[in-house]
Amino acid sequence: MRFRFSLGTVAIAASALFAGSAMAAETKGPVTDELGVVEIPAGAPITIGGYWVISGADAALGIDSKRGAEIAIDDLGGKIKGRDIQLIVEDDACNAEGGQTAGTKLAAVPNVVGVLGGACSSATTAAAPILWKQGILNICTACTAPKLTAADRSAEYDGFMRTIYSDASQGANDAKWFREELKCDTLATIHDGTPYTQGLAEAAGKAFEALGGKVVAAEAIAPTDVDMKPVLTSIGTKKPCVLYFPVFVAPSAQIMRQAPEIADLKDTNLIAGSAVQAPGLLEAAGDAAVGMRLTNVDVSPEVLGKKYPEFVEKYKAKYGEDPIQSFHAQAYDAMAVLAAAIEKVAVEDGGNLYIGRKALRDAAFATKDFDGMSGPQNCDEHGQCGAFNFAVYQFTNGDPSTFKTGENPIKIYPK
């Protein structure tokens, strides 16, 4: 079950899978690189991999990210260094097993230069070490687990970076809002054991206590749980001021449906996480979602900058609808950062293109003051590039056809 995987266990599994790593110092054409060289023959495209959740209840997360990357490719004219861009995408199913499969498939693609993704931390935790065992740079677009860019992360994540924020930042902002705006002294959390949900719940709880609050319950469920009444009843006995449940669409919908039946929770603020800002939540929860609040990164045009309204128009023209999740801008930036790094290090000789893997990784990690669609990208030595701008959204209608970020859900904080 996906909730049983941890950063350490999947890293060990990936290490065993690729014990005979292909990474080694290599010279091809005019390029020598300590991790190997990608040689792209004359006329061949530059191949970029991608892995996101494309199916199931959380598909909006991955589809939205994929679309952001595709629009970035369009804005590049479909080319880098005069070569066509070929994007190969795998569905990681938003779990560790799917991430391992996706990472293995993409690592086996001949001459894949870099990989974008994933949307879920559980999948990325599994995929990133597999890719780096082959010297393949992985730029994440929506995975936010703090451990992925922590100072003490395993060396198997040395090729991993992200244009999305860390949940260490979101957790701190969430806790501050609970304490200062909601005036709450007590907090209960629910996670499903996956790196994203557990990391965010723990970060929020730790920050809440640092601000003088008390965490009265920190509960775990399985991602497939349907009956939430036992855990909600247990939490209700503590009468928390806030119940924070940054889990995915299906369990969040069940919590929204069943929490009102627990009398002890009638005065509790129910707050969901960013994963549910999608039409799928309304399909699953219906009218039970009305009035529900969630914390997320601020995706309003005034925060994202002058290029964002044009991006939204391109999105609607290309896909026939408004953005369906919150992380399309970060995916756009991941593709743009990768393209800029390729432009910097690729060497053409005799019609062929040569890209050193270590050189590419280092060029991407050196990104500073990059004017991104989601805001400035400034990468540190652990691959953390994106920053977090806090916002709270609230659903106003249970009809999935009314979903539109900024309207349903509407931003209620900051005003």
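Author: Asp 298 is placed in the loop that runs between β14 (293-297) and α10 (301-304); helices (H or I, at least four residues) and strands (E, at least two) are DSSP runs, numbered from the N terminus. The model is predicted: local features need pLDDT of at least 70, side-chain atom pairs count only at pLDDT 80 or more, and totals for chains, interfaces and linings use all residues. Residues are numbered from 1 along each chain as its sequence is written, and side-chain values use heavy atoms, without hydrogens and water.

Reader: Why is Asp 298 called buried?

Author: Its relative accessible area is 2%, and buried means under 20%, exposed over 50% and partly exposed in between (1.4 Å probe, protein chains only). Asp 298 is therefore buried.

Reader: Which side chains are joined to that of Asp 298 by a polar contact of 3.0 Å?

Author: That of Lys 411. A polar contact is a pair of N or O atoms within 3.5 Å; within protein, one must be able to donate a hydrogen and the other to accept it, and residues adjacent in sequence count only if both atoms are side-chain atoms. Another, of 2.6 Å, joins the side chains of Asp 298 and Ser 300.

Reader: What makes Gln 277 buried?

Author: Gln 277, in the loop between β13 (269-272) and α9 (279-285), has a relative accessible area of 0%, so the residue is buried. Its side chain makes a polar contact with that of Asn 296 (3.0 Å).
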